[in-house]
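Here's a quick briefing to read alongside the model. Have the sequence and the 3D view open as you go.

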Amino acid sequence: LAAGYEVLRTYIQHWALRHKPVGTVLSPGGESPLLPSESAARLPIGYRWKRALLYGAQVFYSYMIMLIFMTYNGYLMVSVALGAAVGFFLFDSGPAASAQRGLNCH
């Protein structure tokens, strides 16, 4: 299950790079996270909907893994950690993608 999360995360990264509209920046710095930027408001509506749905799927997946981990069953906790390690090993996109990612749930 945790390896599947890595697959989804990698798919989202690759999709965002392939479908990024010309002349936009996906993560501009220095803006408030609560207010949409001018460039985000100008993105095509279909792109914004798909990006939002993929983000929602990633958040749902991460919370489901967190709930499994929080059962405090040792075997499940070890399997989540091993699945995350295997998924990271198999589906990691390289040092550039790893540098941008933190150890948070999503």
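Predicted model: local features only at pLDDT ≥ 70, side-chain atom pairs only at ≥ 80, totals over all residues.

Residues are numbered from 1 along each chain as its sequence is written, and side-chain values use heavy atoms, with hydrogens and water left out.

**The nonpolar patch**

- Val7, Val86, Phe89, Leu90 and Phe91 make a nonpolar surface patch of about 500 Å².
- To be in a patch, a residue needs over 30% relative accessible area and no salt bridge, with nonpolar side chains (Val, Leu, Ile, Met, Phe, Trp, Tyr) joined within 5 Å and like charges within 9 Å.
- A salt bridge here is a side-chain nitrogen of Lys or Arg within 4 Å of a carboxyl oxygen of Asp or Glu, and accessible areas come from the Shrake-Rupley method with a 1.4 Å probe, counting only the protein chains shown as cover for residues.
- Helix 4 (residues 74-91) gives the most to this patch, with four residues; helices (H or I, at least four residues) are DSSP runs numbered from the N terminus.
- Valine 7 sits in helix 1 (residues 2-18).
- Valine 7 counts as partly exposed because its relative accessibility is 36% (buried is under 20%, exposed over 50%, partly exposed in between).

**The aromatic pair**

- The count comes to two aromatic pairs (rings of Phe, Tyr and Trp, the last by its six-membered ring, with centres within 6.5 Å; planes under 30 degrees apart are stacked, over 60 edge-to-face, the rest tilted).
- One of them is tryptophan 15 with tyrosine 47, a stacked pair at 5.2 Å centre to centre and 15 degrees between the planes.
- That pair ties together distant parts of the chain, with tryptophan 15 in helix 1 and tyrosine 47 in helix 3 (residues 45-69), 32 residues apart.
- Tryptophan 15 counts as buried at 4% relative accessibility, and tyrosine 47 counts as buried at 8%.

**Glutamine 58**

- Look for glutamine 58 in helix 3; at 11% relative accessibility, this glutamine is buried.
- Setting aside neighbours within four places in sequence, glutamine 58 is in contact with Tyr5, Leu8, Arg9 and Ile12 (contact means heavy atoms within 4.5 Å).

**Glycine 87**

- Glycine 87 belongs to helix 4 and, at 0% relative accessibility, counts as buried.
- Not counting residues up to four places away in sequence, glycine 87 touches Ala3, Glu6 and Asp92.
- Glycine 87 and leucine 1 are 86 residues apart in sequence, yet 9.2 Å apart in space, C-alpha to C-alpha.

Conventions: Helix = DSSP H or I, 4+ residues; strand = E, 2+ residues; numbered from the N terminus. Buried < 20%, exposed > 50% of the residue type's maximum accessible area, 1.4 Å probe, protein only.
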